[in-house]
Amino acid sequence: AALNDGLHSQVSAALKEGRVAPTELCQRCLALIKSTKFLNAYITVAEETALKQAEESEERYKRGQPLGILDGIPIAVKDNFNTAGIETTCASNMLKGYISPYNATVVQKLLEQGAVLLGKTNLDEFAMGSGSTDGVFGPVRNPWSYSKQYKEKSVPKSHSEDEESNWVITGGSSGGSAAAVSSFTCFAALGSDTGGSTRNPAAHCGVVGLKPTYGLISRHGLIPLVNSMDVPGILTRCVDDAAVLLGSLAGHDPKDSTTIQDDFKPFELPNLTDVSKLSIGIPKEYHAPGLSSEILALWSKAADLFKNAGAKVVEVSLPHTPYSIVCYHVLCTAEVASNMARFDGLEYGHRSDVKDSTESMYAATRREGFNDVVRGRILSGNYFLLKQNYEKYFVKAQKVRRLIAKDFVKVFRSGVDILLTPTTLSDAAPYTEFIQEDNRTRSAQDDILTQAANMAGLPAISVPTALSERGLPVGLQFIGRSFQEKQLLTVAKWFEKQVQFPVIQLEEVKRHDSDVFQHQKSASFS
Amino acid sequence: LAPWVPVVGLEIHAQISSNSKLFSGSQVQFAAPPNSLVSFFDASLPGTLPVLNRRCVEAAVMTGLALNCSINKKSLFDRKHYFYADLPAGYQITQQRVPIAVNGSLSYSLCIDNKMSQMVTKTVRIKQIQLEQDSGKSLHDDTRSQTLVDLNRAGVGLMEVVMEPDMCCGEEAAAAVRELQLILQTLGSSQAVMAEGQLRVDANVSVHHPGEPYGVRTEVKNINSIRFLAKAIDYEIQRQIEELENGGTILNETRAFDSKLGCTVPMRDKEGKQDYRFMPEPNLPPLILYDAKSLPANMNHQQVINIDWIHERLPDLPSVKRKKLVEQYGILPEHSFTLLNEDGLAEFFESVVKETLMKPKKVIGWILKDLLSYLKQHSLTVKESPVSSFLLADLLNLLEKKEISSTAAKQVLAELWKGEGKTPLEIVKEQKLELLQDQKELEQICQAVIDGHENEVIMMVLG
């Protein structure tokens, strides 16, 4: 029985009622992490501290004084968030072994609410990429590669081929977090989203990926990629859980001058039954080149779902969408060049042994510390920021960015409440296929459906919709108005209920069968 | 030979007097143990963000108002990129596009031909004032081939004041900087002590013939005092003139002033033509300031800065103080300059005037000649004076009441200077310096002298 009004407690209730202890929950997650090690979702597993946190949580439950709904809940954090005392690497040689002295605000908030931090998840180096394949700790494997659903559908091309070479990517750059949530090793994970880095892997891994409005959640402690577009992202197994996480993280942070001042009121997600007052916009430009026919069909089906339920579904236009990739490329690389300037080996992180001069030490450190992707973006960014190029590229891109943002404003002003679009062009590609093209090409292709929301600072969420013909997850994206997360998540929740996305069937999870994971369509904690 | 017109402009960096740094909460303090005042942000730890210090903005607004600038109600922050050991983030946060204040002016006075009695007032235009971060300090240890980096200073707030090239020589530049220093100290926006690096001046110098376009300019750095500023500029002007008259050319370069040799030399660290790749600082929203008119009704006053409110509370600037001193006390303008030039001297003077019967016009002589020369001789500041304003006032009262002669007064002052705790009256009694006031007593003494020297008197009477 739910003790607090409105919380659809499953694990939370179980914890509160003593049906499962926080330490037990933590241990099971840690064991599952061990047996799913081949996914390479975690860079660091903070076993000792997690167990300690779980013990402390247990004490609180025993005293009848839990800190809240998150108390005792195991979570994972992408390795580009600062965690005091736990290594933060950004999957880069530059920060291998770097132990930050402070917690990112979002991490601090989670810990203060009693969440149990299991570890740091894998990503593309410095969050640059759309596959989670370009970090120094190797690529992340999509748990669905090992699912019954995928294995049933995959036809081995030859005898020698086995699971090993068939595995598919998670998408990126928050692939580790998405895989961690998808494989049940944690109940929620933090990612980051600059051009789609939370929504993209969420879609490929069959989990919910929320990108909040820029300025709603503090970026203090999130190692930046593009300061004007980055947001902390939330990955969960259901929309309700995302709402709970959002409620615990949103709000003004004096340490981050880009967070809004207004008070944030955490909300309960209503169970929407009547969508007749809703207006759903279908932006025609999101029928992008390369969009698989499968996803196109799914998108169309989803639109019909809303229409048949009584909602108003209209085609809209965001005319500057085709320019967003180039615009993003200029602004992103320019900021990257600037943000990476601090990595010189002097104060922290990797320092080269080259000692001839300060300059040579800097140069060697940066060559040794950064991978090709990072260095490529730094070089591009510096080029665009040169005095003679600044107007032509940077300022021009800022102008185009404003046009892209205005497109959304116009559409929302015309009476549309929410936009419905695909999240990705196709389902997850096999790793061997994905790496045929370079990072830049892939990013340019894969970001197209997601990065306009970052340019405009709007909230967006990817909801797992259905399985593809290959048995892999496909997600659809909802984009909402600035700071209207409640409306966005309400619609997303309604949609989630309609589509009833199947639970992943993983051997490893079955083996660690527990009451917690049983009897649930999608194991959630709220 | 055609005359040369030297042109001098200045870029002045004044450290803001505040408890904490411009964008972080670490303390601002001179000469603290190395790397003891460094926050995570100052060390550029990844993920840290700048948070603007209100006090620093107020200091810049005050300074802008005092220099007759227009305060920009909206100003922006930018990143200026270059790699150097004392710049942890690889960029400095500054205001390149839209600074906080623009288009002001500073009036300063000069003595003509070193005669204090002939003062002339000049004006230099202030191009702009911008807020920016100070860098850390790097010390090059050549013997061990290493560089030692101290980040205590990294991130301290600076006001960069840009003075247009309206000056013509070292003397003018020195006078302008001196006046700026006094203004900053009066406002309290900067302590402006050059020796402690709180005021740093770079000079831009060029020469040209009248009617011709401006010549190539050089930038002169590493100037540690106002005296050296004048020397460096005058040297550089001479050097450029000689170079050009010998058929050479002036390079657009940065030169360092060598105070030991008294000359400027090209700087070793030739940055060349640096492209700073300016970019807006994305973590700081535009800085919005309000005035009485634009202030929204329900705005929390703790969250905003009201330019008019600050303007109303500006203290009297040096020029105003001088005028008041002249008007109130009837002293000469050049006296008022000297009074303000010495920290605490004007207050000392006013204190003495309050406590004494002597007229201010007479008091000023004692202050500027006697007291000040003692202080200078012993290298003491007014605050360190062994003679307090009360003691001096007492002494001057004795003089004014004709209880002692002025010669005797000087003697007493010399004694007071020893700081042995005696009052002027005690010293007068000790050394029997009293002037005789009693007529009868005087007659008796005179009579006694005459009586005691009969022969001499007879000689005198006989002629």
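1. Burial of helix H9 of chain A. The cover over the buried residues of H9(A) includes helix H4 (105-112), strand E4 (188-193), strand E5 (208-211), strand E6 (231-236) and helix H18 (485-499) of chain A. Helices (H or I, at least four residues) and strands (E, at least two) are DSSP runs, numbered from the N terminus, and contact means heavy atoms within 4.5 Å. H9 itself spans residues 239-249 of chain A, and 10 of its 11 residues are buried. Buried denotes under 20% relative accessible area, exposed over 50%, and partly exposed in between (1.4 Å probe, protein chains only). Among the buried residues are Val239(A), Asp240(A), Asp241(A), Leu245(A) and Ser248(A). After H9(A) comes Gly251(A), with a positive phi near 130°.

2. Basis of the model. The model is predicted: local features need pLDDT of at least 70, side-chain atom pairs count only at pLDDT 80 or more, and totals for chains, interfaces and linings use all residues. Residues are numbered from 1 along each chain as its sequence is written, chains are lettered from A and ligands numbered from 1 in the order in which they are written, and side-chain values use heavy atoms, with hydrogens and water left out.

3. The sheet of chain A. Eleven strands form an open sheet with mixed pairing, in the order E1-E3-E2-E4-E6-E5-E10-E11-E9-E7-E8 (chain A). Its edge strands, E1 (42-45) and E8 (312-316) of chain A, each pair on one side only. Two strands pair if DSSP finds at least two bridges between them. On average, neighbouring strands of this sheet are turned by 30° against each other, direction ignored.

4. The E7-E8 pair of chain A. Strand E7 (residues 279-283) of chain A runs parallel to E8(A), and 5 bridges join them. Ile282(A) stands opposite Glu315(A) in E8(A).

5. Helices on the sheet. Helix H7 (residues 175-182) of chain A packs on the sheet and touches E1, E2 (74-78), E3, E4 and E6 of chain A, its direction making about 155° with that of E4(A). Helix H3 (residues 47-62) of chain A lies across E1 and E3 (116-121) of chain A and runs at about 155° to E3(A). Axes are lines fitted to C-alpha atoms, for helices over the stretch in contact, and angles run from 0 to 180 degrees between N-to-C directions.

6. A hairpin in chain B. Strands E8 (residues 137-141) and E9 (residues 146-150) of chain B run antiparallel and are joined by 5 bridges. Lys137(B) has Asp150(B) as its bridge partner in E9(B). The hairpin has 4 residues between the strands, and Ser145(B) takes a positive phi near 50°.
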